[in-house]
Amino acid sequence: MTQRVLVLGGGVIGLSCAFELKNRGFAVTVLEQGKCGGQASGAAAGMLAPYSENVEEPDPFFRLCLQSLRLYPEWQLAVKEASGLDFEYSATGSLYVMYHEADVLAMKSRKLWQDEYGAASELLDAAELRKLEPLVASEAIGALRYPGESHVYAPGYVKALEEACRRMGVDIREGLGGIDIVRWHDGAEVRSASTAQTYRGDTLVVANGAWAGLMESIFGMTIPVYPIRGQICAYETPDMPVRHMVFCSQGYVVGKRNGTLVCGASEDIAGFDTTVTRRGIARLENWNGKLFPFLGGMRPFHEWAGLRPATQDGFPLLGALARSNSVMFAAGHYRNGILLSPVTAHVIADLLEGRSTSGLPLDLFNPERFSQ
Ligand SMILES: Cc1cc2nc3c(=O)[nH]c(=O)nc-3n(C[C@H](O)[C@H](O)[C@H](O)COP(=O)(O)OP(=O)(O)OC[C@H]3O[C@@H](n4cnc5c(N)ncnc54)[C@H](O)[C@@H]3O)c2cc1C
């Protein structure tokens, strides 16, 4: 009999799981309290940057990110084909800019271990950097270039995932408001207070991002997932003056095909508040101007914020609960949920099919690891 899966949360993680599960023959319902893509996923810069984002060591999180980057070329094509929607996927590569001689040593040691994992990075001096990014600040003394990093236009990607799911027959319920989990043993039952509807499945996949931490009392376990607000802004730059994703220690700048330059992002503790503050954006403006002086005289035309789902140890919660035969978690992807969406979907679908998960150290992502 077809297995029925309820996916709680319609962000990039919930929709990716739904997409993969439906492809593999499961009957899938997505339950979203608000609007699909209406939270962190629609707010993201869309960078697929495992090397720029993981600079210390090849830990299991880095390896998860790398596996997901490698899935992306095929994955994004599948989403485009199933949805009939195009979205930006740009293999621009990235540059991590240095300002001080002291940074060079750190970049060299980073390069050493990352090249063993396929980074094929290149250390550029100031002249080489300027050839690639002519408008970068004259204070920049060089950069580490990662040719394999890429980015998507996150709102377009999430919209396409949603449309793909709908076309394939995933039942998507939005605007459910408060949700009660009525049963999570021997099947799952979820009730929406606002629509007075009940949804039943064999398995519940909890993919509700920064809100996962609110479910501790339901499942009787510690779930240290916290919202970390990211404020971010965009400039209108129709002539596309920046060609790569450009990082520095204080932020990043990424040019989108629609003629905007997206610059992020703050990391604030503000509970579930997604307000944009003048202070937060002013800090971004200051750094944007230091990286690209032409931005110094401009004001962003759009400012927004989203809630990243951070975890206590920096690793996501990924896998089945031992305390239930009917619940899986796919939450806590913090700064890398867009990047990690394909691998997360594959892991969840593999686990539901009882298949092995291609060498990933899933015990380190065990959602119950904080309760043992
Ligand atoms: C400013 C910013 C920039 C970022 N840039 C990048 C980037 O460049 N690259 C990258 O990889 N990642 C980036 N991220 C991180 C990325 O956006 C997140 O990791 C990712 O979106 C998390 O996806 P999610 O589906 O888990 O969460 P969300 O997108 O927040 O989705 C969770 C959904 O669950 C719903 N929900 C909550 N509780 C319930 C409930 N009880 N019942 C039903 N539904 C519920 C919510 O309404 C929400 O729609 C960025 C994030 C921010 C904020």
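To what does the accessible surface of the protein chain come, and what percentage of it belongs to carbon and sulfur atoms? Please then look closely at the aromatic cluster that includes Phe62.

Analyst: The model is predicted: local features need pLDDT of at least 70, side-chain atom pairs count only at pLDDT 80 or more, and totals for chains, interfaces and linings use all residues. Residues are numbered from 1 along each chain as its sequence is written, and side-chain values use heavy atoms, with hydrogens and water left out.

The accessible surface of the protein chain is about 15,200 Å², and carbon and sulfur atoms hold 51% of that area; the areas come from the Shrake-Rupley method with a 1.4 Å probe, and for residues only the protein chains shown count as cover. Of the 372 residues, 56% count as buried, where buried means under 20% relative accessible area, exposed over 50%, and partly exposed in between (1.4 Å probe, protein chains only). The chain contains 10 helices and 20 strands; these are DSSP runs numbered from the N terminus, with helices (H or I) of at least four residues and strands (E) of at least two. The radius of gyration is 21 Å, in agreement with the value near 21 Å for a compact globule of 372 residues; the radius is taken over C-alpha atoms, and the globule rule is 2.2 Å times the number of residues to the power 0.38. Along its principal axes, the C-alpha trace spans about 65 × 40 × 40 Å. Among contacts (heavy atoms within 4.5 Å) with a separation of 6 or more, 74% are between residues 24 or more positions apart.

Turning to the requested part, 17 aromatic pairs are found in a search of the whole structure. Rings of Phe, Tyr and Trp (its six-membered ring) pair if their centres lie within 6.5 Å; planes under 30 degrees apart count as stacked, over 60 as edge-to-face and the rest as tilted. Phe62 and Trp113 are an edge-to-face pair, because their ring centres are 5.1 Å apart and their planes stand at 85°. This pair links distant parts of the chain, with Phe62 in helix 4 (residues 60-83) and Trp113 in helix 5 (residues 101-115), 51 residues apart. Both Phe62 and Trp113 are buried.

Phe62 has a further partner in Tyr117: their ring centres are 5.5 Å apart with the planes at 90°, so this pair is edge-to-face. Since Phe62 lies in helix 4 and Tyr117 in the loop between helix 5 and strand 6 (122-125), the pair ties together parts that are 55 residues apart in sequence. The two residues may be set side by side: Phe62 is buried at a relative accessible area of 0%, whereas Tyr117 counts as partly exposed at 26%. Together with Tyr51 and Tyr146, the residues Phe62, Trp113 and Tyr117 form one aromatic cluster.

The loop that holds Tyr117 also holds Ala120. Ala120 has a positive phi, near 50°, although it is not glycine, and it counts as exposed at 53% relative accessibility. Most residues other than glycine have a negative phi, and most peptide bonds are trans. A positive phi of about 50° is likewise found at Asp186, in the loop between strand 10 (179-183) and strand 11 (188-192). A cis peptide bond, with omega about -25°, joins Gly264 and Ala265.

Some rings also carry a charge over the face. A charge sits over a ring if NZ of Lys or CZ of Arg is within 6 Å of the ring centre and within 35 degrees of the ring normal. The charged end of Arg110 is placed over the ring of Tyr96, 4.3 Å from its centre, and Lys80 lies over the face of Phe87 at 4.8 Å from the ring centre.

Lys80 is also one of the residues in contact with Tyr89, along with Tyr72, Pro73, Gln76 and others, neighbours within four places in sequence being left aside. Tyr89 itself lies in strand 4 (residues 89-90), and its C-alpha is 9.8 Å from that of Gly156, 67 residues apart in sequence. Helix 4, the helix of Phe62, also includes Ala78. Ala78 counts as partly exposed at 32% relative accessibility, and its C-alpha is separated by 9.9 Å from that of Phe19, 59 residues apart along the chain.
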